[in-house]
Amino acid sequence: MDSRRENHPAARSSVSSGEAVVRLRGVGKSYRGAWALEPLDLDLHRGEIYGLIGENGAGKSTLISLMTGISRPSCGSIEIFGASTGKDLAAARRRMGFMPDASSAYPMLSARGNMEVRCAEWGVSSDVIDELLDLVGLGAVGRKKARSFSLGMKRRLDCAIALLGAPEFIVFDEPINGLDPAGIVEMRELIKRINRERGTTMLVSSHILSELSEVATRYIVLSAGRLIDCLAADDMLDRPGGVEGYFATIPSLRAPGHRSGRDCDVLSARRAFEAGEGIAVHPDSAGDVADCCTARHGAAASKAEARWTIGGRR
């Protein structure tokens with residue numbers, strides 16, 4: 001094993017062997033009939049660091065919003081720590097932490113003041129504030145107000161806030177966005193340390209693929225609102241060019257711009273194909289349906305078979 005693999009979190013990870021802390025089944029989000037995120041099935045397993053990658057508009061922010069409860073799904077079910085409905089799901093989300101892509105700190109408060117306010121808001125113990133500030137390297141900032149912090153200090157404070165309540169699953173949305181090289185290294189090592197020492201499951205969304213490859217044990221790949229792949233870090237590292245090389249090969253599944261009603265017809269027809277049912281959609285979609293069914297089932301589906309499905313005679 002080379003030195004990069006020895007030092008990588010995946011080297012000590014039992015890939016996908018832990019329990020699923022998050023389970024999505026048929027979860028999708030649409031706006032006015034257009035899919036921002038097509039229905040998908042996805043499991044996130046305990047102890048893993050998931051790298052979430054995709055181009056702008058791929059559906060990453062939508063997926064994060066659905067997991068964290070910021071947005072409600074248009075279809076499907078979300079299960080977090082075994083809870084999937086009502087108050088149970090809300091309680092399960094209290095076992096999550098979230099570091100948004102922009103600083104959420106109150107600028108007129110110190111690092112400790114920000115932490116104390118969050119503890120009061122969320123009803124969690126403030127006994128760990130000093131420990132967490134030390135963990136992220138802010139233990140000695142004293143009464144300095146957050147408005148005077150560097151961007152790296154603000155991001156470390158955001159990380160400390162996300163750790164309040166001892167979350168078992170943390171979502172990091174662009175944690176190194178805007179940081180200088182030193183700040184990037186600090187955040188990378190902090191994420192690895194939290195995972196190593198606390199066994200925390202993580203979902204990390206970032207456009208800086210080279211840095212993501214330093215921490216991720218698995219990858220979730222989205223493109224044009226679709227789940228393309230979920231694969232282990234070793235599989236990604238074995239590909240030419242690693243994660244950056246893989247990302248460059250992701251095909252464009254849809255033309256840029258808004259998704260059309262025809263696209264929704266194609267998705268409906270694919271589901272009908274899988275269920276052995278018929279459904280009426282636009283005849284011009286037959287070729288696209290055939291492609292979708294082929295991609296889904298790994299076997300060629302002819303246009304005639306697609307039309308047969310569309311006509312309700314399968």
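Modeller: We'll take the salt bridges, then a helix.

Modeller: This is a predicted model, where local features need pLDDT of at least 70, side-chain atom pairs count only at pLDDT 80 or more, and totals for chains, interfaces and linings use all residues. Residues are numbered from 1 along each chain as its sequence is written, and side-chain values use heavy atoms, with hydrogens and water left out.

Colleague: How many salt bridges?

Modeller: The count is 17. The rule is a side-chain nitrogen of Lys or Arg within 4 Å of a carboxyl oxygen of Asp or Glu.

Colleague: What does Arg188 pair with?

Modeller: Glu211, at 2.8 Å from N to O. That pair links distant parts of the chain, with Arg188 in helix α7 and Glu211 in helix α8 (residues 209-215), 23 residues apart. Helices here are DSSP runs of H or I, at least four residues, numbered from the N terminus.

Colleague: Is Arg188 buried or exposed?

Modeller: Buried, at 17% relative accessibility. Glu211 is buried too, at 16%. Buried means under 20% relative accessible area, exposed over 50%, partly exposed in between (1.4 Å probe, protein chains only).

Colleague: And what about Arg198, which partner there?

Modeller: Glu131, with the closest N and O atoms 3.4 Å apart. Arg198 is in helix α7 (residues 181-198) and Glu131 in helix α5 (residues 129-135), 67 residues apart. Arg198 is partly exposed at 36%, and Glu131 is partly exposed at 47%.

Colleague: Which residues form a network?

Modeller: Glu19, Arg46, Arg95 and Glu168, linked by salt bridges.

Colleague: New topic. How many residues of α2 are buried?

Modeller: Eight of nine, in residues 60-68. Among them are Leu63, Ile64 and Met67. Just after α2, Gly69 has a positive phi of about 90°.

Notes:
Helices (H or I, at least four residues) and strands (E, at least two) are DSSP runs, numbered from the N terminus.
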